[in-house]
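Please look through the model below, first with an eye to its confidence, then to the contact between its chains, and finally to a single residue.

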Amino acid sequence: MTHPSELISAYLDGELTASEAGQLLSHLASCGRCAAEMEDTQRVRAAVRSLPVLDLPVGLVPEADAELIPLHHKRGVWVGAAAAIVVVVISVAALFAPAPASVSVEDLSSRFGARLSLDPAFGPAKVIMPEWEALVDEE
Amino acid sequence: MESIPLTWEEVARVHGRKIYNFAYRLTGNADDANDLVQEVLLRVRKGLADYQPGSFEGWLWRITRNAFLDDIRKRNRRLTTPLPDEVDRWDLASTAGADVEYTRVSLGDDIQKALLELPFEFREAVVLCDVVGLSYDEIAMAAAVPIGTVRSRIHRGRKMLRGILE
């Protein structure tokens, strides 16, 4: 008896013609050996397909990273809002500062700008995105 | 008709992740996969100008497998000389997501190890089919072999995997 075992994988992958599939299925109905091979092959196929899909390491291909950050427009809105708050805070601070002659808005802006560059943990660019996403999703 | 990415940046965006997964499953480690992805995208960048309309997937995966095989050949030549210190060549593993990524990778450790035991032709066919999701036609084009050979390689590859995993 000829065992069409090489048709088994192609059958599982949907790569057989209808007549080949019919031939295999009628053979399987009467051949325990090939039926067992079909089950084993299906298990191995499923195991390989269950391997986790890995993400491209961030920074490896900067052109591909854009795909991983779909919130550009939302981030723009929030960065803009954060910047507006900063302007208000600076303005209020300037109004109520005890010695307005010695601390100008320009000075505060300059110091704020310097802190932004020296302390990466401070500033709107570092606000945690997942919380923003949650906020946006609620809207 | 299949739409063709016009620029290599689009190829990187659309196919980068798939190429990385193929490279990782073929090489078994992130450093080699990183190198392979960059080499493939470099070749795509150079080759896109001469690309003839046809099966883009077949073309892309042929470039990928050739880059892998060229790398193997280079490594075999290099084995006669001491390996360079490559400790800090890729610092990506120290990023915040590294632990999470490691956990995800280790979930398939046994299967990954078994894959690496397969001869290249069988590993390639199984990975292109089960990890990348190519059709037998596309695999035949990538590997430059008849479709009957693809059918046979995939089935025999799975049979070998079963033997290794048991």
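Predicted model: local features only at pLDDT ≥ 70, side-chain atom pairs only at ≥ 80, totals over all residues.

pLDDT is the predictor's confidence in each residue, on a scale from 0 to 100, and two residues are in contact if their C-beta atoms, placed from the backbone, lie within 7 Å. Chain A averages a pLDDT of 67, with 44% of its residues scoring at least 70. Over residues 68-80 of chain A the pLDDT is below 50, and the model gives this stretch seven contacts beyond near neighbours in sequence. Residues 107-139 of chain A likewise stay under 50 in pLDDT, and here the model has 22 contacts beyond four places in sequence.

Turning to the contact with chain B, chain A contributes 29 residues and chain B contributes 31 residues. On the side of chain A that touches chain B, the elements giving two or more residues are α1 (6-12), α3 (32-49) and α4 (62-65) of chain A, and α3(A) gives the most, with seven residues.

Within chain B, consider I19(B), which lies in helix α1 (residues 8-27) of that chain. Is I19(B) buried or exposed? I19(B) counts as buried because 27 other C-beta atoms lie within 10 Å, where the cut-off for a buried residue is 20 or more. Leaving aside residues up to four places away in sequence, I19(B) touches V37(B), V40(B) and T64(B). I19(B) and V132(B), although 113 residues apart in sequence, are 8.1 Å apart in space, taken from C-alpha to C-alpha.

How values were computed: Residues numbered from 1 in each chain as written. Chains lettered and ligands numbered in written order. Helix = DSSP H or I, 4+ residues; strand = E, 2+ residues; numbered from the N terminus. Buried ≥ 20, exposed ≤ 12 C-beta atoms within 10 Å, placed from the backbone.
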